[in-house]
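I open this notebook to record what I looked up in one structure, entry by entry. The sequence and the structure come before my notes.

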Amino acid sequence: MFDPGRVGLLRVEADGGRPEPVTSQDREIDKQDLSWPHFLPDGRTLLVTTGVPGSVSAQLAVLSMTEGRWRRLGPGSQAVYLPSGHVVYHAVNLREGQVHAVAFDVQHLEFQGMPVSVLENVFRAADGGGVYFAVAQNGTLIYTQGGYD
């Protein structure tokens, strides 16, 4: 699964082949700029940023690959699911360079409780795009400090 840098997402089978568009029952979302796909632990559900990445209009959503249905989660960008059962994401709609964490129910595909700020002043280039942070499988989070370039 990958973001081709324009509208939609593409997938390639594990044994190779041609990239194929990912489609759902909601063609309007399928046509949006979809970025930062991240599989949830079941391997069949994607956590995705919809809309213009890194903008205040960016939204977080999940796509059930088996049902072909989207569920909108709320504003944010670059969501990553952690082994602790939390999602961390860039909360650009609240404050530039701010990363939030919130408990996430993988059964019901929804946030649980209120997000809290876990990082401030995370670097993001002036030309847009994502903030510079990454999370390892064991939950270790790394980032580049510096705010907006």
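**Entry: ground rules.** I am working with a predicted model, in which local features need pLDDT of at least 70 and side-chain atom pairs count only at pLDDT 80 or more, while totals for chains, interfaces and linings use all residues. I number residues from 1 along each chain as its sequence is written, and side-chain values use heavy atoms, with hydrogens and water left out.

Entry: I looked up the strands by their numbers, which count from the N terminus; strands are DSSP runs of E with at least two residues, and helices are runs of H or I with at least four. Two strands pair if DSSP finds at least two bridges between them. I found an open sheet of 4 strands in the order 3-4-5-6, with antiparallel pairing. Its edges are strand 3 (34–39) and strand 6 (69–75), each of which pairs on one side only. From one strand to the next the twist averages 25°, where axes are lines fitted to C-alpha atoms (for helices over the stretch in contact) and angles run from 0 to 180 degrees between N-to-C directions.

I then followed strand 5 (residues 59–64), which is joined to strand 6 by 6 bridges in an antiparallel run. In strand 6, Gly 74 is the bridge partner of Leu 60, and Pro 75 is the bridge partner of Gln 59. Strands 5 and 6 form a hairpin with 4 residues between them, and Gly 68 in the turn has a positive phi of about 70°.

Entry: For burial I used relative accessible area with a 1.4 Å probe and protein chains only: buried is under 20%, exposed is over 50%, and partly exposed is in between. Since 4 of the 5 residues of strand 8 are buried, this strand is largely enclosed by the rest of the structure.

**Entry: the cores.** A nonpolar core is a set of buried Ala, Val, Leu, Ile, Met, Phe, Trp, Tyr and Cys residues joined through side-chain atoms within 4.5 Å. The largest one has 14 residues, and Leu 47, Val 87 and Phe 104 have the most contacts inside it. The elements that give two or more residues to this core are strand 5, strand 7 (77–81), strand 8 (86–90) and strand 9 (99–105). I also found a second, separate core of 10 residues, which includes Leu 82, Val 88, Ala 101 and Val 135.

**Entry: the rings.** Which residues do ring pairs link into a cluster? They are Tyr 81, Tyr 89, Phe 104 and Phe 111. Rings of Phe, Tyr and Trp (its six-membered ring) pair if their centres lie within 6.5 Å, and planes under 30 degrees apart count as stacked, over 60 as edge-to-face and the rest as tilted. My search of the whole structure gave 4 aromatic pairs. One of them joins Tyr 81 and Phe 104 edge-to-face, at 6.3 Å centre to centre and with 70° between the planes. Because Tyr 81 lies in strand 7 and Phe 104 in strand 9, the pair ties together parts that are 23 residues apart in sequence. The rings of Phe 104 and Phe 111 have centres 6.0 Å apart and planes at 70°, so this pair is edge-to-face. Tyr 81 and Phe 104 are both buried, and Phe 111 is buried too.

Entry: Thr 49 lies in strand 4 (residues 45–50) and counts as buried because its relative accessibility is 0%. Its side chain reaches the backbone nitrogen of Gln 78 at 2.9 Å. Gly 43 is in the loop between strand 3 and strand 4, and at 42% relative accessibility it counts as partly exposed. I noted that Gly 43 and Ser 64 are 21 residues apart in sequence and 9.7 Å apart in space, C-alpha to C-alpha.

Methods: Polar contact = N/O pair within 3.5 Å; in protein donor to acceptor, adjacent residues only side chain to side chain.
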